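Let's take a look at how two protein chains sit against each other. Have the structure open while you read.

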Amino acid sequence: MLLLTLLAATAVTIARMRSLLAAVMLTGIYSFLGAGWMLLLDAPDVAFTEAAVGAGVSTVLMLATLALTGSDMKPRGHSPWLPLAAVLVTGAALVYGTMDMPAFGDPNAPIQLYPSPSYVDKTEAEIGVPNVITAVLGSYRGYDTLGETTVIFTAGIAVLLLLRGRHRRVRGDDTPSDGETPR
Amino acid sequence: MLDVTMVAILVTMALALARASMGPTVFDRILAVNMFGTKTVLLIAVIGFLTDRPEFLDLGLVYALINFIGVVALLRFIRFGHFAEPDEAERMDR
């Protein structure tokens, strides 16, 4: 509960922060807190991903963005009440939605009854992989996973091509034009 | 004993958070962020022993590495203002 209080305090501080560099640092703290909270909820793999992506990679990416754009924030030109109202309404709708959810860890919840028991029972015989999640991802939903991997691979290639193009232009300015062999 | 440790770590986290949000200079904030990451590692270790799951220590190690990368990136950004390689940056400056 104390962790959640800290999480909320961090979020409010980020929203009120005018210096974008400090805001980036605080998002790192926020990710660490979120990861700790997920660990307390007994989801270590989600916490692992949150820490690696939220605190590690996205801090570096946001700093790289700041390096390109500058770290000053434009003064906002509209009143904060409309966004605040939109956020409050959305949040209220989400909280209302959680009321229909079964209690945390309820053994009679639909997700515990269907279809996971059959997977847990049959995976060993059908696939022969001890880890059920690996069996689902790699075999039952193999084509799905292949498609996802293809999408991510394509995106990675596109980003690499974009970045390489920029490098070459920078080098192109540098090559001497008087017939000397380029480096 | 472990409970007391946990409360102490949480209080330290709150203090580091306060320093990170108030911190007059950028270096106060960096120190606070680094400290916060370290406290998260300690918290994970304590939670691991409180709930009898010492394998959480591995997670703590990974968090420490991530924290290190984040702080190095921050320092590099503040020192140089960009992430390019030094020779390349020199070329871009020209």
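## Where the two chains meet

Keep in mind that this is a predicted model. The contact draws 35 residues from chain A and 35 residues from chain B. Between them, the two chains bury about 3,100 Å², with 82% of it on carbon and sulfur atoms. On the chain A side, Met25(A), Phe32(A) and Leu39(A) lose the most area to chain B, and together they make up 22% of what that side buries.

What about charges and polar pairs? The side of chain A that touches chain B gets at least two residues from each of H1, H2, H3 and helix H8 (142-174) of chain A. H3(A) gives the largest share of that side, twelve residues.

Here is how the residues on that side of chain A sort out:

| Kind of residue | Number on the side of chain A that touches chain B |
|---|---|
| Nonpolar | 27 residues |
| Polar | four residues |

In soluble globular proteins, nonpolar side chains tend to be buried together. Here the largest nonpolar core has 44 residues, and those touching the most other members include Ile29(A), Leu33(A), Met13(B) and Phe36(B). Helices H1, H2 and H3 of chain A and helices H1, H2 and H3 of chain B each supply at least two residues of this core. Its largest share, eleven residues, comes from H2(A).

Which residues does Leu33(A) touch, leaving out those up to four places away in sequence? They are Leu3(A), Leu6(A), Leu7(A) and Thr10(A), plus Met13(B) and Phe36(B) from chain B.

Key:
Residues are numbered from 1 along each chain as its sequence is written. Chains are lettered from A and ligands numbered from 1 in the order in which they are written. This is a predicted model: local features need pLDDT of at least 70, side-chain atom pairs count only at pLDDT 80 or more; totals for chains, interfaces and linings use all residues. Side-chain values use heavy atoms; hydrogens and water are left out. A nonpolar core is a set of buried Ala, Val, Leu, Ile, Met, Phe, Trp, Tyr and Cys residues joined through side-chain atoms within 4.5 Å. Buried means under 20% relative accessible area, exposed over 50%, partly exposed in between (1.4 Å probe, protein chains only). Helices (H or I, at least four residues) and strands (E, at least two) are DSSP runs, numbered from the N terminus. Contact means heavy atoms within 4.5 Å. Buried area is the accessible area (1.4 Å probe) that two parts lose on being put together, summed over both. Ala, Val, Leu, Ile, Met, Phe, Trp, Tyr, Cys and Pro count as nonpolar, Asp, Glu, Lys and Arg as charged, and the others, Gly among them, as polar.
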